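Here is a short briefing on a ligand site. Look over the sequence and the structure first.

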Amino acid sequence: MAGVRIVVGTVYGTATEVAYGCVRQLTELGHHPALLKSADYGQLVDDALDVVLVITSTTGDGEIPDDILPLYEALEQRMPALSQARFGVIALGDSGYENFAEAGVQFAALLQRTQAVAVGEPLFIDACETADPEEAAALWLDEWAALL
Ligand SMILES: Cc1cc2nc3c(=O)[nH]c(=O)nc-3n(C[C@H](O)[C@H](O)[C@H](O)COP(=O)(O)O)c2cc1C
């Protein structure tokens, strides 16, 4: 069973609600999730890091939400070698915007650059199409968690 550190990027709280659901579900599946809100670099990156699940919306014009931006920038600047770690991404967005779910795309690319290993494919939740983001995340998470 895996230790999963969940980091959240949100403006209006939708990603946080999705994250709470993921914590409940991962716990039921026997994993050990930890929800890190406004996580800083030191909370995420240490020798015990096993799995990171990034759950982030996109704001502005394809921008990363303020609460997760410091973590993104610290990872980018320090570029730790995370080859022992695995990651997944849930990217919330709205396809009515030009840069759909860009924050999630950027985070996935950054974690790839740290050599962390991608588990499955990112989940994209489009507010235009998905009335219940928590349900969409739960369906994806079942398959994702089975890969851990
Ligand atoms: C001001 C504003 C800017 C947004 N910009 C984008 C964007 O550039 N790309 C995108 O895919 N979604 C964009 N969105 C949509 C949000 O990412 C989407 O509604 C998401 O579900 C919000 O999640 P949150 O409540 O966790 O912040 C924007 C929403 C708002 C209100």
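Which residue has a polar backbone atom 2.6 Å from an oxygen atom of the ligand? That residue is Thr58. The model is predicted: local features need pLDDT of at least 70, side-chain atom pairs count only at pLDDT 80 or more, and totals for chains, interfaces and linings use all residues. Residues are numbered from 1 along each chain as its sequence is written, and side-chain values use heavy atoms, with hydrogens and water left out.

**Ligand contacts**
- An oxygen atom of the ligand lies 2.7 Å from a side-chain N or O atom of Thr14.
- A polar backbone atom of Ala15 is 2.8 Å from a ligand oxygen atom.
- The protein covers 83% of the 640 Å² of accessible area (Shrake-Rupley method, 1.4 Å probe) that the ligand has on its own.

**Shell around the ligand**
- The ligand is surrounded by 19 residues, each with a heavy atom within 4 Å of it.
- The closest are Thr10, Thr14, Thr58, Gly62 and Ala101.
- By class, the shell holds 7 nonpolar, 10 polar and 2 charged residues; Gly counts as polar here.
- α1 (14–28) and β4 (86–93) each supply at least two shell residues; helices (H or I, at least four residues) and strands (E, at least two) are DSSP runs.

**Largest pocket**
- The ligand sits in the largest pocket, with more than half of its atoms within 2 Å of the grid points.
- A pocket is an open set of points on a 1 Å grid, where a 1.4 Å probe fits, with protein on both sides within 12 Å along at least five of seven lines.
- The volume of the largest pocket is about 420 Å³.
- Its lining has 22 residues, each with an atom within 4 Å of a point.
- Tyr12, Ser57, Thr58, Gly93 and Asp94 are the closest to its centre.

Conventions
Polar contact = N/O pair within 3.5 Å; in protein donor to acceptor, adjacent residues only side chain to side chain. Points joined across faces, edges and corners; volume = space filled by probe spheres on them.
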